[in-house]
Amino acid sequence: MADLASQATHELQSALEPVSVPTTSPRASFANWAKTFECRPQRVFAPVNELQCRQIVELARREGATLHPVGVGHSPSDLPCTKGWLVRMEGLKGMINAELDKRSATFYSGTVLHAIHADLARCDPPLALPNIGSISDQTIGGLISTASHGSGVKFPVLSQHVRSLTLVLPLPGAPVVRASPTEDVELFKASLCGLGATGLMVQVEIEVEEAFRLKETKEGRSVDEVLENLDEIKQSAEHVRVWWYPDGQGMVVGRANRTYGPAQPSASLVGHILGYHVTQFFLFASRYFAFLTPWVGRWAWWLSNTNSVVVDDGYRVLNFDCLFPQYALEWAIDAANTKACLAEMREWLDKEASDPKGLRVHFPIEIRWSSADDIYLSPSYGRETCWIGVVTYRPYGLPVPYRKFHERFADLLASHGGRPHWAKQHALRPKDVEALYPKFEEFRRVIERVDPEGVLRSEYVKRHIEGEDIAERMFKRRPL
């Protein structure tokens with residue numbers, strides 16, 4: 001390992017020239033996927049190997065800069081944004097090894113999940129991740145840093161499948177350390193939902209299994225039927241998801257189980273045209289004529305309210321078409337509170353729908369589950385969890401009103417002991433986080449130990465973890 005502590009600063013600067021993004025490049029600025037947050041950092045780097053990551057961290061520490069890693073920017077919050085130094089990690093990619101006997105594979109942290117699925121499928125025998133969320137567009141490092149999740153009462157958040165992490169710490173010389181259940185356990189538990197603040201993640205060793213297919217059935221049900229049988233439904237398959245269409249007064253229940261039978265993928269050109277292009281035009285029209293919004297919701301329910309069966313590779317089944325750019329919000333509550341929370345939410349939305357001046361909401365409301373874990377800042381810490389997520393679409397990338405709906409949704413979920421998804425926008429401050437997370441102080445002690453100079457303290461971390469007065473709309477095109 002190169003001794004960076006004795007390397008002159010000008011030598012570090014010269015070494016990083018090839019991976020310094022010119023200010024004239026489009027990559028010198030950043031916007032998330034939904035184009036809801038954007039920033040123009042002081043400097044941007046695009047490393048392709050571990051040594052360059054160490055050099056960036058060491059140079060930032062010496063120059064008193066703050067830096068923040070970013071993957072592809074799928075987070076619908078300002079978590080990826082900074083005015084300091086931005087490190088684009090997607091160039092640090094690829095599979096390092098896969099060991100079937102250990103049921104693990106190791107990847108560079110900038111590897112996108114689509115590439116991970118392809119790399120594992122080429123193994124002999126083919127392998128797969130045991131669970132996955134709604135999309136595979138993000139990097140594995142970003143996925144882990146926010147404790148993202150899939151669905152299934154017996155499946156934890158995806159970070160819980162991690163076997164070990166390799167991190168570059170912002171200490172003199174930018175040392176590389178390994179964290180695992182047996183090596184610096186505190187750093188490991190903090191980094192599994194580290195928000196980019198516990199070290200620059202460069203490698204991820206994660207659990208895998210032999211490749212499998214999932215057979216998923218989807219059935220339309222009334223809201224009353226689903227709420228009445230919710231406890232039974234959530235345990236009725238390995239992976240259970242529910243999509244609620246408030247204006248259609250119905251829910252789609254998806255149940256998926258492992259199978260090793262032949263694939264029966266489902267794809268329809270007509271369905272794509274109706275579900276994507278026609279729906280987006282209807283949403284565009286409702287942007288100007290709000291009274292149309294409930295009719296768009298009923299249209300979407302009509303498209304979705306069909307019984308179907310699909311058999312395909314596990315990740316293909318679990319991935320979900322997010323359709324259009326959107327404002328997204330998701331909270332995690334104790335699974336025991338799910339029925340009461342959804343019933344109260346239904347009552348609220350029905351009141352809004354009956355009021356000519358009430359809020360008009362989009363679709364679907366996604367309901368998923370995860371098992372309890374012991375990750376310091378995981379929203380599933382210590383309890384079986386139900387995740388409830390809402391979206392407000394931006395047809396053709398255009399802004400639409402969403403803030404009142406999101407504020408009231410967040411208030412309702414908070415009243416049921418909810419914890420927000422760290423990749424989604426929220427208004428929690430340190431005292432709020434401390435009240436929700438028993439290991440919050442342990443997390444803070446870890447980042448103080450591994451980063452005493454605050455090199456990795458992004459604006460997001462300073463706001464929500466350290467309590468600095470940083471505006472929530474700082475990285476909005478319209479900050480007010």
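Modeller: Let's start with Arg316, which pairs up with Asp313 in a salt bridge whose closest N and O atoms are 3.4 Å apart. Keep in mind that this is a predicted model. Arg316 has a relative accessible area of 49%, so it counts as partly exposed. Asp313 comes out as partly exposed too, at 27% relative accessibility. Elsewhere, salt bridges with shared partners tie Glu58, Arg61, Arg62 and Glu453 into one network. In the whole model the count comes to 37 salt bridges.

Now hop over to strand 13, residues 213-222, where Glu216 sits. The side chain of Glu216 meets that of Arg241 in a salt bridge, at 2.7 Å from N to O. Arg241 belongs to strand 14, residues 239-245, and the two partners are 25 residues apart, so this pair links distant parts of the chain. Are these two partners buried or exposed? Both Glu216 and Arg241 are buried.

Glu219 forms a salt bridge with Arg255, and here the closest N and O atoms are 2.8 Å apart. As for Glu219, its relative accessible area is 23%, which makes it partly exposed.

While you're there, find Lys218 and look across to Thr306: their C-alpha atoms are 7.6 Å apart in space, although 88 residues separate them in sequence. Thr306 lies in the loop between helix 9 and strand 16, the latter being residues 308-313. With a relative accessible area of 44%, Thr306 is partly exposed.

On the helix 8 side, the contact is made by Leu274, Gly275, Val278, Thr279, Phe282, Leu283 and Ser286. Helix 9 brings Thr293, Val296, Trp299 and Leu303. Sorted by class, the residues of this contact are seven nonpolar and four polar, with no charged ones.

Helix 8 also holds Gln280. Its relative accessible area is 6%, so Gln280 is buried. What does Gln280 touch, leaving aside its neighbours within four places in sequence? Gln280 is in contact with Phe324, Pro395 and Tyr396.

Helix 11, residues 338-354, packs against helix 12, residues 403-415, at an angle of about 150°, with the axes 10 Å apart. Helix 11 and helix 12 are therefore roughly antiparallel to each other, and their crossing is right-handed. Cys341, Glu344, Met345, Trp348, Leu349 and Glu352 of helix 11 make the contact with Phe405, Arg408, Phe409, Leu412 and Leu413 of helix 12. By class, this contact has eight nonpolar and three charged residues, and no polar ones.

Key
Residues numbered from 1 in each chain as written. Predicted model: local features only at pLDDT ≥ 70, side-chain atom pairs only at ≥ 80, totals over all residues. Heavy atoms only, no water. Axes fitted to C-alpha atoms, helices over the stretch in contact; angles between N-to-C directions. Helix = DSSP H or I, 4+ residues; strand = E, 2+ residues; numbered from the N terminus. Parallel < 35°, antiparallel > 145°, perpendicular 65-115°, else oblique. Left-handed = near helix turned anticlockwise from the far one by under 90°. Contact = heavy atoms within 4.5 Å. Nonpolar A, V, L, I, M, F, W, Y, C, P; charged D, E, K, R; others polar. Salt bridge = Lys/Arg side-chain N within 4 Å of Asp/Glu carboxyl O. Buried < 20%, exposed > 50% of the residue type's maximum accessible area, 1.4 Å probe, protein only.
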